[in-house]
Amino acid sequence: MSEQLTREKAQALIEEVLEVYPEKAKKDRAKHLMVNDKTITQSKKCITSNRKSLPGVMTQRGCAYAGSKGVVWGPIKDIIDISHGPVGCGAYSRGGRRNYFAGTSGVDAFCDINFTSDFQEKDIVFGGDKKLAKLIDELEMLFPLSRGISVQSECPVGLIGDDIEAVSKKKAAEIGKTVVPVRCEGFRGVSQSLGHHIANDAVRDWILSARDEQPFEQTPYDVAILGDYNIGGDAWASRILLEEMGLRVVAQWSGDGTLTEMENTPKVKLNLLHCYRSMNYIARHMEEKYGIPWLEYNFFGPTKIAESLREIASHFDATIQEGAERVIARYKPAMDAVIAKYRARLEGKKVMLYVGGLRPRHTVGAYEDLGMEVIGAGYEFAHNDDYDRTMKDMKDATLIYDDVTGYEFEEFVRQLKPDLIGSGIKEKYAFHKMAVPFRQLHSWDYSGPYHGFDGFAIFARDMDMTINNPCWNLFRPPWQKDTAEADLKAA
Amino acid sequence: MANIMIRKRAEGGLVFYLPKRDIEDIVSSIEFDTPEKWGGELRLANGGVYYIDPIPAPARLPVSLRAKRLDGVE
């Protein structure tokens with residue numbers, strides 16, 4: 001569809017796509033799809049989110065364990081996360097998200113090792129508490145430099161009613177380290193979103209107040225980065241900007257973060273929140289208990305970075321505000337060069353996004369800096385407050401889809417013919433086979449960082465290298481070439 | 001009854017937050033707003049009406065409270 005998408009056309013498309021469903025499924029799915037209307041300020045009126053997926057459709061969601069172990073706890077480098085339960089959950093969530101860390105794996109950093117209690121039938125029948133206690137002893141012997149342990153429950157632990165809290169308390173006293181039981185059994189909630197919440201609550205209850213009474217050398221410029229998981233080095237690319245403008249980053253939650261950093265976070269002056277969905281809970285808690293204000297920011301693309309840096313600086317005095325201007329000015333020539341190089345190659349290209357967390361709205365600014373247009377966006381596990389924010393960032397008459405099914409997404413792509421899709425690994429190869437340029441945006445398609453000014457240069461290069469790759473014309477076999485060209489002429 | 005949080009807005013006024021339902025909205029009016037008695041009926045910009053038991057005004061915001069929904073959208 002080369003012409004502009006109008007509201008009527010988009011609405012007609014949604015109805016056409018929904019046509020194949022049975023009556024009841026159609027009614028349910030219709031609530032999750034909408035055409036953006038900027039005049040509406042409350043997404044609740046036009047889109048339903050955070051509901052159970054329909055049985056029988058292909059959904060891309062994860063589970064509460066994925067949200068807790070994979071997203072929030074996994075990247076903390078000096079805490080050993082025990083995947084308590086059968087072996088698979090831990091094996092498939094081991095370092096796949098490329099949360100980079102500085103440290104020596106297996107000595108003082110444990111992000112990319114799978115620790116599991118490997119439940120067998122006898123553990124289900126007789127309970128796994130003894131095994132857990134033994135496991136913690138073994139960990140202590142093999143990895144003495146770990147600062148803490150978290151017990152990430154898998155489904156069976158909740159089903160058989162093990163008391164991991166009692167074991168954790170007992171062992172914490174024995175080994176003298178923090179041991180956190182996390183009740184993130186996969187069956188809780190409708191998606192990984194509840195796992196984020198459970199993980200935040202566990203941090204609140206077991207870690208956050210540990211150093212409240214201890215002295216800490218404060219400066220007026222202390223901040224913490226919340227909700228940056230250092231995918232491909234994202235948090236580092238963000239941190240250098242904040243430090244360059246004169247702030248002191250006390251903690252990174254949780255990419256390349258440590259237990260000590262998290263315990264010191266209640267002493268900062270401002271919490272900077274990148275991924276709202278997975279860390280707003282702890283930010284709100286710290287605001288209530290410690291009076292620390294929090295601020296959402298966006299480090300994708302020079303326009304949004306400059307906006308965010310100025311907003312962050314507005315919470316501090318003139319030295320920081322000057323620092324922010326200095327940083328923006330310093331990177332401006334480099335950013336102009338990036339845009340000059342790639343904008344001509346990417347101008348007017350259309351993008352559809354379907355990711356999780358913050359990316360469907362945060363990356364819109366970066367695409368617009370490159371002259372590209374986001375024509376559809378959706379989240380796997382967002383809540384209504386995410387859609388409130390998304391509707392402001394997206395253009396009018398663009399598609400917004402919640403927990404989109406495999407079929408719906410493919411149909412949207414077939415009809416709207418975007419020049420680029422940004423989504424996850426499960427969609428990647430389906431769209432490759434449809435000859436649509438695709439970036440895996442969960443872990444930056446093995447590239448990155450994409451945050452910060454340095455990240456934008458990589459982002460622009462990656463988008464260009466994907467969209468303008470000559471391979472996309474080679475998907476049709478020679479005997480179908482003629483019809484393809486005829487199709488093209490007709491269109 | 002639901003757990004809610006009342007925060008101060010940067011621009012002045014109060015914000016109501018109900019985590020379970022992801023409702024975050026501006027409080028357009030509060031029934032009692034004196035240091036001795038604070039709370040009562042909260043009217044939100046989205047039309048919702050909630051009731052919190054009147055308490056002495058909290059020394060610091062945000063504060064978590066129990067609230068009852070009286071009327072309006074949810």
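Reader: Why are strand β6 (residues 222-228) of chain A and β7(A) said to pair, and in which sense?
Author: In this predicted model, where local features need pLDDT of at least 70, side-chain atom pairs count only at pLDDT 80 or more, and totals for chains, interfaces and linings use all residues, the two strands are joined in the parallel sense over five bridges. Two strands pair if DSSP finds at least two bridges between them, so β6(A) and β7(A), with five, meet the requirement. One of these bridges links Asp222(A) to its partner Arg248(A) in β7(A). Residues are numbered from 1 along each chain as its sequence is written, while chains are lettered from A and ligands numbered from 1 in the order in which they are written. Strands (E, at least two residues) and helices (H or I, at least four) are DSSP runs numbered from the N terminus.

Reader: What makes β7 and β9 of chain A stand at the edges?
Author: The sheet is open and has four strands in the order β7-β6-β8-β9 (chain A), with parallel pairing. β7 (248-254) and β9 (294-296) of chain A each have a single partner strand, so one side of each lacks a neighbour in the sheet. Ignoring direction, neighbouring strands are turned against each other by 25 degrees on average.

Reader: Which residues of α9(A) and α12(A) make the contact?
Author: Two residues are in contact if their C-beta atoms, placed from the backbone, lie within 7 Å. From α9(A) the contact takes Ser193(A), His196(A), His197(A), Asn200(A), Asp201(A), Val203(A) and Arg204(A), and from α12(A) it takes Arg277(A), Ser278(A), Met279(A), Tyr281(A), Ile282(A) and His285(A). These divide into four nonpolar, six polar and three charged residues. Here Ala, Val, Leu, Ile, Met, Phe, Trp, Tyr, Cys and Pro count as nonpolar, Asp, Glu, Lys and Arg as charged, and the others, Gly among them, as polar.

Reader: Why is Gln218(A) called partly exposed?
Author: Gln218(A) has 13 other C-beta atoms within 10 Å. A residue is buried if 20 or more lie within that distance of its own C-beta atom, exposed if 12 or fewer, and partly exposed in between; a value of 13 therefore makes Gln218(A) partly exposed. Gln218(A) lies in the loop between α9 and β6 of chain A. Its C-alpha atom is separated by 7.4 Å from that of Lys267(A), 49 residues apart along the chain.

Reader: What makes both faces of strand β13(A) covered?
Author: In β13 (residues 420-423) of chain A, Leu420(A) and Gly422(A) on one side and Ile421(A) and Ser423(A) on the other are all buried. Three bridges join β13(A) to the parallel strand β10 (residues 350-355) of chain A, where Met352(A) stands opposite Ile421(A). Three bridges also join β13(A) to strand β14 (residues 438-440) of chain A, again parallel, and Ile421(A) stands opposite Phe438(A) there.

Reader: How many residues of chain A are in contact with chain B?
Author: Eight residues of chain A touch eight of chain B. Helix α12(A) gives the largest share of the chain A side, three residues. By class, this side has no nonpolar, four polar and four charged residues.

Notes:
Axes fitted to C-alpha atoms, helices over the stretch in contact; angles between N-to-C directions.
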